[in-house]
Amino acid sequence: MADRPQKNLHVGAPYRADEARYIDTPYRRSGRTGLKLPAVSLGLWQNFGDESPLATQRAILRTAFDRGVTHFDLANNYGPPPGSAEKNFGRIFAEDFRPYRDELIISTKAGYDMWPGPYGEWGSRKYLLASLDASLDRMGLDYVDIFYSHRFDPDTPLEETMGALDTAVRSGRALYAGISSYSPERTREAAAIMRELGTPLAIHQPSYSMFNRWIEAGLTEACGDEGLGIIAFSPLAQGLLTNKYLGGVPEDSRAARGGSFSPSLVTDDVVARLRALNGIAESRDQTLAQLALSWALRDERVTSVLIGARTVAQLDDSLGALDRLDFSDDELNEIDKHAVESGLNIWARSSDA
């Protein structure tokens, strides 16, 4: 993929999308649907809340779309504070992307704690549909392209949760329905319910990376059998699979800030494996992040990988993964020696239910 000069980064100027945005980017069909997603999608989980400069957010979103990234993924609780990522995206969408709405895939999710009281989280019909309406209001949209159940709710009948997704699609508030972090068994059950309702599930969004390979123990097969695409979130293990941690935990890293990524996870063993994987990446003329993304896309059942970006440079580096999606058997065997479970699946509780 040839380097392009950076355009549209002067935030005061009217935005016009790069006319060459679809030339180099590969797109993959999501399961048995007609929906195609870019192989690399942009997630707004981190770096799009009120703590991040709006100008930086705008520059990242503009650059992504100029590079053919048509899919922006959100959730009701993304921030901080919760809801602020959708609100900030809505402002940028209104000013920059509204003319391109038909070219965009915009998704959101509901399942985690969003407001006080018994109706502010999990998977009830009341919560999911109220959350979707609030998300549409924050983003200034008439509909989202994909609406997800963000996690399985063990206390709500699955028929009720799936029925809410069906209503979201039938009412025109969403075009496709998806689930996130569901176990293989629950995925098959959810898919069967949705087929019966007449609104087949389109996609599953699980965590997946070189250091978090849980989907290979049945979920990949379940999604393939049921006709769901897979879009992998946290394919860089919250930034661990980058060159930032080759020397341990730097002060400005996400691990050092705490939150969803504990510095205790960056053990001496993990650092040693990072260095080994980095050596493989260098032999392929890739960065470690590019290797990790290419590896996650090696299975054709994986429709897309969701990346985050704090800067335009990080975004560009990640998109460079698309230059080398091929692997030899020897490379994959060598990667398997170092790409092992590392205690990074903080969403396992939902997936085990």
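In helix H4, the residues Leu158, Thr161, Met162, Gly163, Ala164, Leu165, Asp166, Thr167, Ala168 and Val169 are buried (under 20% relative accessible area, with exposed meaning over 50% and partly exposed in between; 1.4 Å probe, protein chains only). The structure is a predicted model, in which local features need pLDDT of at least 70 and side-chain atom pairs count only at pLDDT 80 or more, while totals for chains, interfaces and linings use all residues. Residues are numbered from 1 along each chain as its sequence is written, and side-chain values use heavy atoms, with hydrogens and water left out.

Because 10 of its 13 residues are buried, H4 is largely enclosed by the rest of the structure. Helices (H or I, at least four residues) and strands (E, at least two) are DSSP runs, numbered from the N terminus. The cover over the buried residues of H4 includes helix H3 (125-139), strand S6 (144-149), strand S7 (174-180) and helix H5 (184-197). The end C-alpha atoms of H4 (residues 158-170) are 18 Å apart, in agreement with the 18 Å that 13 residues should span at 1.5 Å a residue (1.5 Å times one less than the number of residues). Just after H4, Gly172 has a positive phi of about 85°.

Met162, found in helix H4, has a relative accessible area of 0%. Setting aside residues up to four places away in sequence, Met162 touches Ser149, Ile179, Tyr182, Ala190, Ile193, Met194, Leu197 and Leu201 (heavy atoms within 4.5 Å). Leu42, Phe72, Met162, Leu201 and Met210 touch the most other members of the largest nonpolar core, which has 98 residues. Such a core is a set of buried Ala, Val, Leu, Ile, Met, Phe, Trp, Tyr and Cys residues joined through side-chain atoms within 4.5 Å. Helix H9 (residues 288-296) supplies the largest share of this core, 7 residues. Another core, of 11 residues, lies apart from it and has Leu37, Ile105, Tyr148 and Ile231 among its members.

The whole structure holds 11 aromatic pairs (Phe, Tyr and Trp rings, the six-membered ring for Trp, with centres within 6.5 Å; planes under 30 degrees apart are stacked, over 60 edge-to-face and the rest tilted). The Tyr22 and Tyr27 rings form a tilted pair, with centres 6.2 Å apart and planes at 50°. The Phe65 and Phe97 rings are edge-to-face, with centres 5.8 Å apart and planes at 85°. Both Phe65 and Phe97 are buried. One aromatic cluster is formed by Tyr15, Phe65, Phe72, Phe89, Phe93, Phe97 and Tyr100.
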